[in-house]
Amino acid sequence: MCLDCTTHGSDREQHSSTDDRETTSHSNWKRRSFLQATGVAAGTGTILGTQVDRAAASHTECDAADRWVEAANHSARDFGIDWIVIHVTAGAYQGALNTLTSSNSDVSSHYLVKNYDWTDGPSAGHVDQLVHHNRAAWHARYIANHRSIGIEHEWFDDNGISEACYESSAELVRCIADMHDIPLEFYTSNTCIQNESGGIIGHTHVPDGDCSSFHHGGRTCPYPDWDMDHFETLVKNGDNGGGGGDQFQDGDQVVTTTDLNGREQPCLNDDVVLTLPEGTQGEVMNGPEECDGITWWGLHVPTYNEWVWCSENYLAHA
Ligand SMILES: [Zn+2]
C-alpha cells in the first residue's frame with residue numbers, strides 16, 4: 001500500500017466488517033481426540049490460562065499470525081487467489097495498524113508484519129491478520145486486490161528490513177501459498193498478473209485492470225529496501241527457524257525456536273490450543289504426521305500441562 005501511494009478505484013465502497021466472521025466450532029475443545037491420537041495415558045491438564053491465547057488466535061488462518069485485528073475495509077472477491085503482494089508501509093507500525101484498520105482510510109491489507117524492535121508495539125516479526133483470505137483487502141489496485149493476499153511490512157526512512165521481519169513473513173507466505181496453491185514464483189518486474197499462473201510480487205510491479213499501466217505515483221513499494229532474492233531464499237528454505245527442522249523420536253526433549261502455535265490435531269486448520277513462547281520445552285509423544293506440507297509432532301508441554309501438535313520447522317532438540 002505504502003499508505004500514501006495507492007488508489008483503490010472501485011474498491012472504495014463500504015462493507016460491513018462483520019459479514020464473514022467465522023462463528024463455527026472454534027470453541028469446541030477436542031482434547032480427547034488428541035489424546036486418542038497420541039495413545040498417551042490422559043493427564044488432567046488444566047486449560048486455565050490458555051483461554052486468552054485461544055481467543056486471540058481464533059480468527060487467524062496461519063500459524064505465523066500472532067493476532068487478529070479486524071480491518072473495516074474489504075470486499076467480496078471477484079477472482080480466485082493466485083498472488084501474494086508484498087508491501088512496505090512508509091510509516092511506523094502503530095500508525096500503520098491504525099490506518100489499515102480504520103474505516104476512514106480507504107486502505108487495508110490481510111496482514112501487517114512488525115519490522116523494528118525499536119518502534120512502539122510488539123517485537124520485530126510480530127504478525128497481525130486484519131482481513132480474512134476470502135475477502136479482497138484494499139492494498140493495491142482493483143485487479144490485484146481481487147486476485148491476491150496483501151502483506152504489509154512496517155518500514156520507513158530507509159531503515160531497512162530486519163531478519164525477524166523477513167523470517168516471519170516467509171513463514172506466512174509458505175502458509176498462504178500452501179493453503180491456496182500459489183506457486184512459489186517470485187516476480188521482480190512489471191507483470192500482467194492476469195496472464196500468469198500466480199506467485200509473489202512487489203506492489204510496484206502489479207498492473208491496473210488491463211495492464212496498460214504499472215505506475216504507482218512514482219513510488220517504489222516495497223523497494224528499494226526489500227530484498228526479494230533474500231526473501232525467496234527464506235521462503236523456499238522452509239526449515240529456517242533458528243535450528244528447527246530436525247527429525248525426532250518419542251521421548252526426545254525439544255524446544256520451540258519461535259513463538260509457535262500448538263494445535264489440537266496436526267493440520268493448519270485445526271484449533272490452536274495455545275501459543276508456545278519461543279524457548280518452551282516439550283517431550284515428543286507422537287508423530288511424525290504430514291499435513292499441509294508440514295511435518296507435525298505431538299508434544300507434551302509440562303509448563304502448561306498440555307498436549308499439542310507443532311510444526312517440525314520450529315522445533316529443535318533441547
Ligand atoms: Zn504498497
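Reader: Which word describes how α5 and α6 lie to each other?
Author: This is a predicted model, in which local features need pLDDT of at least 70 and side-chain atom pairs count only at pLDDT 80 or more, while totals for chains, interfaces and linings use all residues. Residues are numbered from 1 along each chain as its sequence is written. The axes (lines fitted to C-alpha atoms over the stretch in contact, with angles from 0 to 180 degrees between N-to-C directions) of helix α5, residues 163-180, and helix α6, residues 228-236, come within 8 Å and cross at roughly 55°. Since angles under 35 degrees count as roughly parallel, over 145 as roughly antiparallel, 65 to 115 as roughly perpendicular and the rest as oblique, α5 and α6 are therefore oblique.

Reader: How many nonpolar residues has the contact of α5 with α6?
Author: Residues are in contact if their C-beta atoms, placed from the backbone, lie within 7 Å; α5 contributes Tyr-166, Glu-167, Ala-170, Val-173 and Arg-174, and α6 contributes His-230, Phe-231, Leu-234 and Val-235. Counting Ala, Val, Leu, Ile, Met, Phe, Trp, Tyr, Cys and Pro as nonpolar, Asp, Glu, Lys and Arg as charged, and the others, Gly among them, as polar, the contact has one polar and two charged residues, and the nonpolar ones number six.

Reader: Which residue of β12 is the bridge partner of Arg-263?
Author: Strands (DSSP runs of E, at least two residues, numbered from the N terminus) pair if DSSP finds at least two bridges between them. Four bridges join β11, residues 260-263, to β12 in an antiparallel arrangement, and the partner of Arg-263 in β12 is Val-272.

Methods: Two residues are in contact if their C-beta atoms, placed from the backbone, lie within 7 Å.
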